[in-house]
Amino acid sequence: MHIPSLKENLSFANSKLLKDLYEKLDELKDIVKLIDDAIVEDPPISVKDGGLIKRGYNTEIDTYKEASTEGKNWIVALEAKERENTGIKNLKVGYTKVFGYYIEVTKSFLNQVPDRFVRKQTLTNGERFITEELKKMEEKILGAEEKVVNLEYLEFTKIRDEITKNIARLQLTASVVASIDVLASLATVAEDNNYVCPEITTDGMIDIKDGRHPVVEKMIESGSFVQNDIYLDKEESRVAIITGPNMAGKSTFMRQVAIITLMAQIRKLCSCN
Ligand SMILES: Nc1ncnc2c1ncn2[C@@H]1O[C@H](COP(=O)(O)OP(=O)(O)O)[C@@H](O)[C@H]1O
Ligand SMILES: [Mg+2]
């Protein structure tokens with residue numbers, strides 16, 4: 001979802017590097033659409049227990065889901081109907097994974113249970129029954145639910161296979177995003193710390209004005225770092241001698257020249273012009 005806006009932002013860039021990244025950045029619209037059409041917003045952790053395919057994606061799945069919902073509504077209605085028929089006010093219809101659907105009657109009402117109720121399970125304070133009618137609906141519901149789970153998993157594997165076919169595109173997009181991430185981080189650091197864009201030459205010259213050591217500068221009180229120049233080339237200024245007492249900043253100065261040179265090379269790799 002973030003990639004289109006990333007691409008939009010890149011479209012304003014002038015540098016060759018960013019333009020290349022813009023060209024390469026595949027928004028994967030087809031894959032986004034596939035997932036968006038098929039997979040629910042907040043899918044379950046397990047892909048094998050159903051509940052991950054959106055309504056409207058596969059009519060067969062939808063049909064079985066409706067059958068199961070209808071069945072459940074029917075069962076809710078059954079409770080009221082059987083209370084009415086038998087006069088057992090606290091008659092309850094319930095479900096367990098092991099025993100399936102049942103009609104529960106407490107001890108005190110057992111004498112009102114009609115013959116068509118078949119005993120299924122005995123509890124300490126009552127009995128559970130099944131009827132012909134309830135058994136049929138149970139088969140319908142559980143059958144539909146099993147179908148849904150199987151069909152959803154099948155559909156999931158199809159989507160996964162489709163995405164697998166496009167893996168190279170996904171990887172390319174990931175690598176473009178990673179490059180943008182690196183460049184954006186470098187840009188942020190440069191902006192935050194007032195770094196300047198170095199000019200790279202091939203004549204063996206190092207000419208730094210107001211150089212700073214990026215790490216030492218951060219360690220000491222803000223604004224207290226003393227900036228230093230250096231000029232070195234392949235002619236008259238091949239060597240510089242640094243003198244000073246202990247803790248004068250000689251090592252820092254040498255390291256700062258090295259670090260600045262390395263940082264300049266990063267910029268050269270990015271070839272951002
Ligand atoms: N340019 C500078 N501006 C401000 N403080 C500095 C600067 N260079 C070094 N320092 C501080 O002085 C300390 C000693 O620097 P260092 O380069 O180790 O000295 P030397 O090598 O001359 O003994 C550093 O840890 C840093 O806190
Ligand atoms: Mg030293």
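Analyst: The answer starts with the whole chain, turns to one part in detail, and ends with a few residues elsewhere.

This is a predicted model, in which local features need pLDDT of at least 70 and side-chain atom pairs count only at pLDDT 80 or more, while totals for chains, interfaces and linings use all residues. Residues are numbered from 1 along each chain as its sequence is written, chains are lettered from A and ligands numbered from 1 in the order in which they are written, and side-chain values use heavy atoms, with hydrogens and water left out.

The protein holds eight helices and six strands; these are DSSP runs, with helices being H or I of at least four residues and strands E of at least two, numbered from the N terminus. Read from the N terminus, their order is α-α-α-α-β-β-β-β-α-α-β-α-β-α. An automatic or database domain assignment sets the domain bounds, and it gives domain 1 (1–28 + 170–192), domain 2 (59–153) and domain 3 (196–270). The centres of domain 1 and domain 3 are 30 Å apart over C-alpha atoms.

The radius of gyration is 37 Å, whereas a compact globule of 273 residues would have one near 19 Å. That radius is taken over C-alpha atoms, and the globule rule is 2.2 Å times the number of residues to the power 0.38. Along the principal axes, the C-alpha atoms fill a box of roughly 115 × 45 × 25 Å. Of the 273 residues, 29% are buried, where buried means under 20% relative accessible area, exposed over 50%, and partly exposed in between, with a 1.4 Å probe and protein chains only.

Glutamate 82 counts as buried because its relative accessibility is 0%. Apart from residues up to four places away in sequence, glutamate 82 touches Gly87, Leu91, Ile103, Arg116, Phe117, Thr131 and Glu133; a contact means heavy atoms within 4.5 Å.

Glutamate 145 sits in helix α5 (residues 132–165) and counts as partly exposed because its relative accessibility is 27%. Beyond its neighbours within four places in sequence, glutamate 145 has contacts with Ser68 and Lys72. Serine 68 is 77 residues from glutamate 145 along the chain, yet their C-alpha atoms are separated by 6.4 Å. Across the protein, 53% of the contacts between residues at least 6 apart in sequence join residues at least 24 apart.

Elsewhere, glutamine 256 belongs to helix α8 (residues 250–270) and is buried at 2% relative accessibility. Outside the four places on either side in sequence, its contacts are Gly211, Arg212, His213, Phe225 and Asn228.

Two loop residues complete the picture. Asparagine 194, in the loop between α6 (167–192) and β5 (206–211), is not a glycine but has a positive phi of about 60°; its relative accessible area of 59% makes it exposed. Methionine 247 is in the loop between β6 (228–232) and α8, with a positive phi near 65°, and counts as exposed at 80% relative accessibility.
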